[in-house]
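I am opening my notebook to record, entry by entry, what I looked up in this structure.

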Amino acid sequence: MSSPRAVLLVVGLASVTASSAATFTVTNTSDSGPGSLRQAILDANATPGADTIAFNIPGTGVHTIGPLSPLPALTDDVGVTIDGYTQPGASANTLAVGSDAVLLIEIDGTNAGSSAKGFVIQGISASVRGLVINRFDSAGILVEGGYGHQISGCFLGTDPTGRSARGNRVGVAIAQPGLAARVDCGNEPELSIERLQSGGAGFPSLAVVGGLSPAERNVISGNSVGLTANSVTNCLIQGNYIGTDASGSTALANQNGVVLFITFATAVGASANLPSPGTAGANVVSGNIVSGIIVGAGGSNFVGGNFVGTDATGTKSIANGTGILLQDGSGDSVYGNLVSGNSRHGIREFHAFSGRIQGNRIGTDLSGTAPLGNALDGITVIANSSKVFIGSGNLIAFNGGAGISIGIDPSDATNDNWISQNSVHDNGTLGIDLGSDGVTPNNDCDGGRGPNLFQNFPVLTSAVPSGTGTTIRGTLNSVPNSSFILQFFSNSSCDPSGFGEGETNLGGLAGSVSVTTDASCNTGFETTLSVSVPPGSFITATATDSAGNTSEFSACRLVTIEPTTTPTSAPTSTPTSTPISTATPTAVAQAAVPVLSRELLLSLALILATLGVLLLRRT
């Protein structure tokens with residue numbers, strides 16, 4: 001499978017030569033008139049060229065501008081920059097974690113009217129930076145047209161310190177498709193996300209919210225919804241704190257953090273194609289009451305490298321309800337995030353299709369070693385979702401429920417979901433739970449029913465060291481005359497259920513085994529993996545059919561050293577190679593009975609001989 005990448009259609013910036021760029025300076029907090037913010041916007045809209053609105057309001061401390069009606073929309077077709085950092089004494093954040101920003105211009109929407117927005121962007125290449133925007137009945141900033149916009153270094157929904165809530169209904173709303181068309185890229189997104197960095201020739205069609213540098217970080221907290229994008233293509237939401245205060249260490253909740261609805265090729269998070277948690281540009285999306293990130297009814301979106309449910313260091317829980325919810329979409333990727341500490345599920349797929357969940361740490365701290373579990377399942381895939389690929393490289397541990405659950409109950413037709421090459425351990429219930437009802441017993445010939453068709457798991461009969469590798473034997477009973485991929489895992493301990501999790505994948509795809517059942521539904525297997533597993537460890541396995549339905553983990557099989565036979569003077573049979581049995585586990589157990597019976601007979605013969613000697617001596 002190819003690596004998940006954000007699929008982003010880039011619309012180039014228009015090449016326009018400014019005929020007379022100008023700077024308009026706000027010198028007072030009046031609602032209107034000369035020197036007001038309202039007048040500066042009107043002047044910028046009317047003046048050709050890429051204009052700047054600067055601030056130089058006399059006096060120290062924070063200056064609050066309280067519009068008495070909605071401000072004019074930004075309609076400049078070349079670009080206007082509204083720069084709060086131009087106010088004397090203001091400065092951008094320089095800290096990688098937390099904030100030392102000094103923001104001295106506050107736009108307070110308390111008296112702006114019902115449904116008023118703070119700034120409405122309709123033009124091209126607008127930039128809003130270094131402002132505090134709060135208490136608007138609608139959005140603090142609404143982007144509803146054009147392309148090439150950037151919102152950076154702002155506090156949206158907080159006070160000027162970034163530590164108390166003064167919420168808007170929505171912090172940032174992006175609500176129109178602008179010049180971009182919908183992209184239908186199927187399941188193989190390939191266009192590089194690096195083309196979306198702010199300020200470069202590859203600006204997205206609509207907006208960058210945030211950026212790579214600490215100075216570009218927005219704090220979007222205390223609102224009903226932090227950020228929403230509706231019916232848009234190609235936006236980048238990067239490097240922000242969404243649901244925490246400016247320190248990144250304390251919750252300052254939105255109801256929902258990020259909500260993407262009918263969006264396509266939009267990225268939430270880091271700039272790298274294969275990010276890891278905390279990669280440059282990662283958002284901290286934590287402390288939100290319902291969900292951290294919701295991606296719904298669109299496709300080919302990318303959520304990568306974020307901290308979802310933790311503080312900005314990745315070491316402490318600041319819980320969302322659910323960390324990431326993917327619903328009714330297709331081809332969305334969740335890659336390289338830290339999704340931990342949430343009060344419900346880590347990642348939830350609801351009626352979603354052809355997505356990928358790869359390379360995430362789910363239930364651990366940033367190091368991957370300390371517990372920081374989600375309260376319920378690490379990953380849950382439900383409501384007829386299908387063709388979701390979970391792997392490779394997810395670390396799913398310490399969650400309160402299952403590591404991975406497929407299907408909300410046995411009637412849920414959530415099928416064709418491939419689970420491969422993950423590390424799953426120390427979760428509250430099963431490592432993989434089909435039907436969310438505990439261990440699902442194998443069914444003879446595996447007639448399809450239930451989540452992932454309740455695919456049967458392998459039955460392991462032995463696991464022994466073999467030179468520098470490990471030899472594993474077992475059987476699989478499933479659909480007749482069908483092919484399956486078996487993957488093997490080692491575990492330091494067995495799950496209390498007796499059925500393993502999968503702590504260490506043995507050999508990756510190269511260590512997997514392909515088997516084919518016969519007409520009676522059975523196959524046996526013997527494989528020697530090039531990985532040494534020490535005695536006392538436990539081996540588990542999964543089976544995946546050709547459609548991608550992966551089983552639960554098998555029962556644990558202890559790695560033991562095979563006993564060696566000591567030669568005696570008594571005649572012994574010559575050891576022969578035993579073919580891999582395709583019999584059921586019951587038949588295998590029965591095959592061992594004659595060996596035990598022979599040992600018993602030898603013991604009885606020795607006892608009888610001893611009794612005979614005693615009787616002879618007595619007579």
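**Entry on a charged pair**

I looked up Asp108 and found that it forms a salt bridge with Arg135, with the closest N and O atoms 3.4 Å apart. The two partners belong to distant parts of the chain, since Asp108 sits in strand 5 while Arg135 sits in the loop between strand 8 (132-134) and strand 9 (139-143), 27 residues apart. I note that the model I am reading is predicted, and that every value here is computed from that model.

**Entry on a second pair**

Next I turned to Arg166, which forms a salt bridge with Glu106, and here the closest N and O atoms are 2.9 Å apart. Arg166 lies in the loop between strand 11 (155-156) and strand 12 (170-174), and Glu106 lies in strand 5 (residues 105-108), so this pair ties together parts that are 60 residues apart in sequence. I recorded Arg166 as partly exposed, with a relative accessible area of 26%, whereas Glu106 is buried, with a relative accessible area of 3%.

**Entry on a third pair and the total**

I also looked up Asp446, which forms a salt bridge with Arg449, the closest N and O atoms being 3.5 Å apart. Asp446 is buried at 4% relative accessible area, and Arg449 counts as partly exposed at 27%. How many salt bridges does the count come to? The count comes to 8 salt bridges. As a reminder to myself, side chains of opposite charge can pair when their charged atoms come close.

**Entry on the nonpolar cores**

I moved on to the largest nonpolar core, which has 71 residues, and I noted that Leu37, Phe119 and Ile174 touch the most other members. Helix 1 (residues 37-46) gives this core its largest share, 4 residues. Another core lies apart from the largest one; it has 17 residues, including Leu486, Phe525, Ala541 and Val559.

**Entry on the strands**

I counted out the elements and wrote down 3 helices and 44 strands in the protein. Which order do the strands of the open sheet of 12 follow? With parallel pairing, the order runs 3-5-8-11-14-17-20-23-26-29-32-35. At the edges are strand 3 (63-65) and strand 35 (423-425), each of which pairs on one side only. Inside this order I picked out strand 14 (residues 219-220) and strand 17 (residues 241-242), which pair in the parallel sense over 2 bridges, and I noted that Ile220 stands opposite Ile242 in strand 17.

**Entry on the whole protein**

Finally I looked up the totals, and found that buried residues make up 55% of the 619 residues in the protein. Of the contacts with a separation of 6 or more, 75% are between residues 24 or more positions apart. The accessible surface comes to about 23300 Å², and 56% of it belongs to carbon and sulfur atoms.

Methods: Residues are numbered from 1 along each chain as its sequence is written. This is a predicted model: local features need pLDDT of at least 70, side-chain atom pairs count only at pLDDT 80 or more; totals for chains, interfaces and linings use all residues. Side-chain values use heavy atoms; hydrogens and water are left out. A nonpolar core is a set of buried Ala, Val, Leu, Ile, Met, Phe, Trp, Tyr and Cys residues joined through side-chain atoms within 4.5 Å. Buried means under 20% relative accessible area, exposed over 50%, partly exposed in between (1.4 Å probe, protein chains only). Two strands pair if DSSP finds at least two bridges between them. Contact means heavy atoms within 4.5 Å. Accessible areas come from the Shrake-Rupley method with a 1.4 Å probe; for residues, only the protein chains shown count as cover. A salt bridge is a side-chain nitrogen of Lys or Arg within 4 Å of a carboxyl oxygen of Asp or Glu.
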